[in-house]
Every structure is written in C-alpha cells, then in structure tokens.
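I am opening a new page for this structure and will write down what I looked up, entry by entry.

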Amino acid sequence: MCPTCDSPLLIEGNEGIGDEIFCDYCGSIYKVTAVDVGDGGIEFEDDW
C-alpha cells in the first residue's frame, strides 16, 4: 500500500534494489531499498 494515499502500488514481484515503484492512484514514486525482507516482501523509501 502507498504510504501517501493508501492505494495499491504497482509491484510486479521482480523488483531489485534501486528499482522504482509507482502508486497507481497518486503517482508517488518510491525506490526499493531491500528485497525478500522476512516475509518475502520489499522495503522502499520516497524517491524525491
């Protein structure tokens, strides 16, 4: 979920560190900082 607007993020599942992911609703851009974290998810941060 998007931290900005709580809408779904466009995640394909093959993202790597440094890739960008986008919010389908508000257009926010996030950069992947870690993959396969604990439950197989990803971590990301704002890419301003």
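The entries below go from the chain as a whole to single residues.

**Ground rules.** I am working with a predicted model, in which local features need pLDDT of at least 70 and side-chain atom pairs count only at pLDDT 80 or more, while totals for chains, interfaces and linings use all residues. Residues are numbered from 1 along each chain as its sequence is written, and side-chain values use heavy atoms, with hydrogens and water left out.

**Confidence.** I looked up pLDDT, the predictor's confidence in each residue, from 0 to 100, and found a chain average of 83, with 88% of the residues scoring at least 70.

**Overall build.** Taking helices (H or I, at least four residues) and strands (E, at least two) as DSSP runs numbered from the N terminus, I count zero helices and four strands, in the order β-β-β-β along the sequence. Of the 48 residues, 21% count as buried, where buried means under 20% relative accessible area, exposed over 50% and partly exposed in between (1.4 Å probe, protein chains only). With contact meaning heavy atoms within 4.5 Å, residues 24 or more positions apart account for 14% of the contacts with a separation of 6 or more.

**Surface.** Accessible areas come from the Shrake-Rupley method with a 1.4 Å probe, and for residues only the protein chains shown count as cover. The chain exposes about 3400 Å², of which carbon and sulfur atoms supply 48%. I also noted a nonpolar surface patch of Leu-10, Phe-22 and Ile-29, with about 240 Å² of accessible area together. Leu-10 lies in strand 1 (residues 9-10) and is partly exposed, at 46% relative accessible area.

**Before strand 1.** Pro-8 sits in the segment before strand 1 and is exposed, at 53%. Leaving aside neighbours within four places in sequence, Pro-8 is in contact with Met-1, Cys-23 and Asp-24; the C-alpha atoms of Pro-8 and Asp-24, 16 residues apart along the chain, are separated by 6.5 Å. Asp-6 belongs to the segment before strand 1, is exposed at 56%, and has a positive phi, near 65°.

**Cysteines.** How many disulfides does the model have? Counting pairs of cysteine sulfur atoms within 2.5 Å, I get zero disulfides. Cys-23 is in none, and the nearest cysteine sulfur, that of Cys-5, is 3.5 Å away. The sulfur of Cys-26 is 3.7 Å from the closest one, in Cys-23, which is too far for a bond. Cys-23 is buried, at 5%, whereas Cys-26 is partly exposed, at 35%.

**Ser-28.** Not counting residues up to four places away in sequence, Ser-28 touches Cys-2, Thr-4, Ile-21, Phe-22 and Cys-23.

Notes
Patches are made of residues with over 30% relative accessible area and no salt bridge: like charges are joined within 9 Å, nonpolar side chains (Val, Leu, Ile, Met, Phe, Trp, Tyr) within 5 Å. A salt bridge is a side-chain nitrogen of Lys or Arg within 4 Å of a carboxyl oxygen of Asp or Glu.
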